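Dear colleague,

I am handing over the structure we spoke about, and below it you will find notes on what was found in it. Please keep the structure open while you read, so that you can look up each place as it is named.

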Amino acid sequence: MSDGLDRRRFLKVLGVTGTGAAALAGCSSEPVERLIPYLVPIEDQVPGVSTWYASTCRECPAGCGLHVRVREGRAVKVEGNPGHPINHGRLCSRAQASLQGLYNPDRIPGPMVRNASGQFEPIKWDDAIARITSQLGKVQGSRVWFLTGHETGTFAGLIQQFLAGFGSSNRIAYEPFGYEALRQATRDVFGVDALPIYDFGAARYVISFGADFLETWLSPVEQSLGFTRGHAFADGKMGRFVHVEPRLSMTGMSADEWVAPVAGSEGAVALAMAHVIVRDRLARSSGDTGVLRALLNTHAPADVAARSGVPAETIERLAREFASQGPSLAVAGGVGAQHGNAQLTAAAAHILNYVTGNVGRTVSFDAQATLPGGGYSDLRRLVQAAAGGQVEVLFVHGANPAYATPPGLGAAEAIAKVSFKVSFSRFWDETTTAADLVLPDHDPLEQWNDSQPRAGAYLLQQPVMQPVFDTRQTADVLLGVAQQAGGRAARDLTAESYQDYLKAAWRRIQGSVGDARPFDVFWMECLQQGGAWRETRRRTVSLAGSAARVADRPWTAPEGRFALLAYPSPVFSDGRGANRPWLQELPDPVTKITWSSWVEIHPDTAQRLGIAEGDLVEVTSEAGAITVPAYLYPGIRPDVVAVPLGQGHTAFGRYAKDVGANAYRLLAAEPTPFGGVGHYAAVALRNTGAHERIAKTEGNPRQMGRGIAQATVFAEAASGKIEKHEEAHAAEVPEKIQRLLDEVQQEQYRDWRTRGSYALATAHWGMAIDLSRCTGCSACVTACYAENNLPTVGKEMVRRGREMSWMRIERYFEGGHDTPLEARFLPMLCQQCGNAPCEPVCPVFAAYHTADGLNGQVYNRCVGTRYCGNNCPYKVRYFNWYDASEPGAATFAWPEPLHLLLNPDVTVRSKGVMEKCTFCVQRIRGKQHEARMRGSPLKDGEIQTACQQTCPSEAIVFGDLNDPASQVSKLAQDQRGYAVLEGLNTRPSVTYLQKIRNVVEA
Amino acid sequence: MATLTEPHAPTHVARPTYGEITRDVAATLGHPGRSYYVLLGIVLFVLACGIGALLYQIKLGLGVAGYQPPVMWAVYITDFVFWVGIAHCGTLISAILYLFRSAWRTAVYRTAEAMTVFAVMTAGLFPVVHLGRLWYAYWLFPYPNQRQLWPNFKSPLLWDVFAVSTYFTVSTLFLIVGLVPDVASIRDRAAGWRQKLYRITSLGWRGTDVQWRHYTRAYLYLAALATPLVLSVHSVVSWDFAMSIVPGWHTTIFAPYFVAGAIYSGCAMVVTLLVPLRSVFKLERYIHEEHFDNLGKVILLTGTIVGYAYFVEYFIAWYSGSSFEREAFWFRAFGSYWWATWTMIICNAFLSQLLWFPKIRRSIPSMFVISLFVNLGMWFERFVIIVVSLSHEFEPFAMDHYTPRWVDWTITAGSFAWFFMWFLLFAKNFPTVSLTEVKEIIPMPRKGAARS
């Protein structure tokens, strides 16, 4: 700056020019861009460079590790922590959507108190703490209760200490999907209070009795990964999976065989299998089976066949397969089968594993049970006490009993009688709207915390950014109250802050993991890797005497009524995800319905009752009734109907309120024999005569013989002679023409490479998707929403086919009439065609071909003729029918502060523009720049697309097709590989690997 | 002209004299009566509604229309092709029939030409109306710009831009040139602002011998220039579809099929316009059954070609062996849009066959009714080709059903209003029957009786 332009002046000029540009920009139709002034730069933050923090996902109790990407001080994406012992770098949809919990526009912005007129008004934190202190000073300790969700870490201990300080021991943990049945069954069969740990990866044969282990049960991401590693076709081998459930769930859709027994008889089928194995001495049991004799004798295949509707031959065959194709694994009693006889179902699976010798091989037992026990009976105790006026102060944290309980329990009414109710919820949920004092907690991404989902795994959460709202961590509030109240509470809880309290706890954890380094070193390392873990010795178990006393109490729906399955939605779980627009818009993996509830009815039953799809059906049980549209689902027994849980909120924010119906209303409040809520009910159906168009993304569920989602059977795949769909033959272009086409393309590439920055491009990006690994879980879809700033459009627009999901999971049905029903998933995204139909038709070159093989789309240049969309045979181009990007517009997709989650590397598209998948071109370019900076070439696998990175079953592989050594090149040459609609000669860069079904030849 | 005596010359109407012709035709420029203003009022109101709907659509986005992906083109492109099709008859009647020396064209060609220009003006709106960002419509033109961006000449949409704008230019020129002598003759009768208008548009016409010589020569050249356009414009429009890979679009028959369809619908629209025009402006002496008879023959011929094309489409779909084609055509006939397809087939392929009967051709009411059905059928033809093909493409999971919404309908109605507004204004202010050419075909007045 020798010519007198010093730094100060330079910045001044820069500022003025920037303002001028902004003022000018105000006149145009484009949205105004705001610049971020970094006059005083924040240390360790470089604009444009991401910082990654390790943390733990708290969307369900599984405890997956996160890497949170933070840009300019705000979290913009979560990814799985690759070094994590639970999820190995993979995440599900709900974890991906945790950002929408953080930035949810319906979060409670600060502490609120109910005033004399019954309205909420803001209050200062200090005043709020003083109010609690004074209330606690007035009441007896036994009248103070604390209700939480599932907490396994330091926070749980803090609550105990806090309550003890005030003379109370009334801490209740309620988790709607507890594992009471499994826990009880384990106690019955093996006499231990522990939860089993299943090694799906080691199992070659898996049989599931209703367990939705790829959706919500136990640890779905970990199980998805393990299951696909054990089951998917590789090197001429594959596992086999049989699903036994009256309804074909998403998990069941990955099965090689679906067996649909009468609702409630799954356990009997398992026992009959065990009977055959013991009778015929098919396997070496894990121990003595003498005590089981009486139980097994009452479950001979012939008897069970009559009860369950499963032919005796099938049971015998399954038993022989199960015993001979080991190592095998039986899992059961998941929330998908939580009926009155669930305890037996779970016990039966234990017994089956035991008699086959799987215990100790694919099934082991944790040293302690850390997963939720459920606590429904505890909750009932609280409700009874509250109804009787025995509760004067109630703290609620992480639980929503006013919504997630059967109405017959009367939780909402009972809680209303409590004179002082404090909610720590982040959202105005059903329980919180009835509270007296609302002290919103930090989001899990804003707080210090830890959890311990299983023995030996200590997982740490750290704040990744400044809190979005004026919230305060509940633990800090409790510490504040304790210190203000004095007495025993203040003596016990002396920590300045929860962070200190947590660190103190981690000093003890350091001891238990046997780390002898200075604490600070240990602590920093834990923060970096997301926690500390060590191998724990698994408990050895043997059959307990009580196993003989396992009672079989058949659960059946009375004559003339249907058995209802109220199953947990794979996307909302128990309803806590319902206020995330990404999850609302995510099509249910099975039905492909968004933004609503539905009742699944078999087409034959529907025809008999005169019900058509979309007819509003009143479902009535003894407990209550709901009215939901009918969805005709061939994957359900004709005598069974199913409704997902998780919708039908009466509060909980704009995205959840009044969407669908709450299936808890159909469930009985009376606890089942194992102590939890029964998720089965006997219901009657009535067509109300009203009708609505279901908001589903599915067009035609049958692929009309077009070979879109191809599959073959294992015998064929193993022999190496895979028959391609006949469509593939149509692709045979005459050699002469093919040579010509190749020449033209090569010439084009040469041309591009010699010009400008394209000179460096030598890659041809491609993808391989293994359909025998895809479970349809749709995590990739949500990851794509998060990475690429896809707007959500709402129910009405989904009805009109205008969802913007660049990645969609197509679900096709095969068979179902004469042959067994088979479901196939196909992730459909832009195929990045080498000979793309979309490109030549664009009159303004908005759609163009990049030198590295991508179908580029210049949003800025697009005028919106939509010709490309018409000409795309895969229908993967999405048009902005409305303006999702205009703040203030009714169609704005990211109401403040949701817009903070937008990925700064990706343009937000305005109305009238076509958009599409670009293989995450921002990631490709980012990694290319990194490689150029460090001066070494890109390594295979270095670039990961968002869908690939999150995929819990490693179905997606991305890389350079020009590099013959890359994984994707090898997969593209796989004998199972095919391109969708190959006959059109579009030359896609995406290769699909046929699904392989391990079926038994009839 | 070739024949001064026509074999089917009407006998029930006395032959007008030159003076009567000028008087009768120029009478249309006088006070047209209340019904005219009522009609104009209705048209302007509907147009205002259409403009309102368009502004609403621009403000909120194309989402307000019924679009249901994968149907990304719908009623607007249907309207576009419909109006481009309508535009064809004008050039056919004025240029091709002129070159073939068909005398009967003289009474109707002005109407047809005006219709052409206004139909192109209407059609030209739709590619803009349907754009996602219509404020950038000018990016489709190859204009020099700082960014050195050039449109993609591979895209059929760009060909459209050139085809339609060329056609508009030539057909407008043709209309204006044809008007020159007529305007000159009414210039001398008009007063006030009209006289000024006519003075400008008559381009200093005085009717000298030299002017006439140049004029007829120019007219002939323009006719020769316009003739290939009749074939080219709709061929290019058809390539919007034929060049794509959509089953039901991607077929080689499209260009001739579209051209025949265009002439078919254009002639029908001429009939639709002539019938009320004739009675409102009392032109029965100039436009009579003879003309309808001839138009009827053209409609019959082109309608039969269109019907044949329908048959061939189905045949090829079967013969191709492609399951996509077969299923697309099966869906057309028996899928969720069967009603649209059968409306199209019945109106176009079957109703036009009634015109084999001279009685029907020469009955003005029946011609009028048939012409309305043909217009309806041809609108549905484009709807079926565009919407039904798109809703049933390659990817079964992405198939969906489109239904137009009020915005689509209002803008469509507005386009009719826009067209009729121009036509009504034209009919009021310019001679709708060619004075000079009608005079050319009546016998030269001589002393005593005419020779023949």
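Trp595(A) is found in the loop between α20 (581-585) and β21 (599-601) of chain A. Please bear in mind throughout that this is a predicted model. Most residues other than glycine have a negative phi, and most peptide bonds are trans. Trp595(A), although it is not a glycine, has a positive phi near 50 degrees. Is Trp595(A) buried or exposed? There are 24 C-beta neighbours inside 10 Å of Trp595(A), and it therefore counts as buried, the cut-off being 20 or more.

Asn789(A) is another residue other than glycine with a positive phi, in this case near 55 degrees, and its place is in the loop between α24 and α25 (795-799) of chain A. Asn789(A) counts as buried because it has 24 C-beta neighbours inside 10 Å. Helix α24 (residues 779-787) of chain A, which Asn789(A) follows, is itself mostly covered, since nine of its nine residues are buried. Among these buried residues of α24(A) are Cys780(A), Cys784(A), Tyr785(A) and Glu787(A).

**Two pairs of packed helices**

Two packed helices are described by the angle between their axes and the distance between the axes. In chain B, helix α2 (residues 34-60) packs against helix α15 (residues 406-429) at an angle of about 140 degrees, and their axes are 7 Å apart. With that angle, α2(B) and α15(B) are therefore oblique to each other, and α2(B) passes α15(B) in a left-handed crossing. By class, the contact between these two helices has 20 nonpolar, five polar and one charged residues.

In chain A, the axes of helix α6 (residues 180-190) and helix α13 (residues 342-356) come within 8 Å and cross at roughly 50 degrees. The pair α6(A) and α13(A) is therefore oblique, and here α6(A) passes α13(A) in a right-handed crossing. If you wish to find the contact in the structure, the residues of α6(A) that take part include Leu182(A), Ala185(A), Val189(A) and Phe190(A), while those of α13(A) include Ala346(A), His350(A) and Ile351(A). The residues of this contact of α6(A) with α13(A) divide into nine nonpolar, four polar and one charged.

**Where the two chains meet**

How many residues of each chain are in contact with the other? On the side of chain B there are 39 residues, which are in contact with 42 residues of chain A. Within chain B, α6 (156-187) and α11 (323-334) each supply at least two residues of the side that touches chain A, and the largest share, three residues, comes from α6(B). Sorted by class, this side of chain B has 25 nonpolar, eight polar and six charged residues.

With best wishes

Definitions and conventions: Residues are numbered from 1 along each chain as its sequence is written. Chains are lettered from A and ligands numbered from 1 in the order in which they are written. This is a predicted model: local features need pLDDT of at least 70, side-chain atom pairs count only at pLDDT 80 or more; totals for chains, interfaces and linings use all residues. Axes are lines fitted to C-alpha atoms, for helices over the stretch in contact, and angles run from 0 to 180 degrees between N-to-C directions. Helices (H or I, at least four residues) and strands (E, at least two) are DSSP runs, numbered from the N terminus. Angles under 35 degrees count as roughly parallel, over 145 as roughly antiparallel, 65 to 115 as roughly perpendicular and the rest as oblique. A crossing is left-handed if the near helix is turned anticlockwise from the far one by less than a right angle, and right-handed if clockwise. Ala, Val, Leu, Ile, Met, Phe, Trp, Tyr, Cys and Pro count as nonpolar, Asp, Glu, Lys and Arg as charged, and the others, Gly among them, as polar. Two residues are in contact if their C-beta atoms, placed from the backbone, lie within 7 Å. A residue is buried if 20 or more other C-beta atoms lie within 10 Å of its own, exposed if 12 or fewer, and partly exposed in between; C-beta atoms are placed from the backbone.
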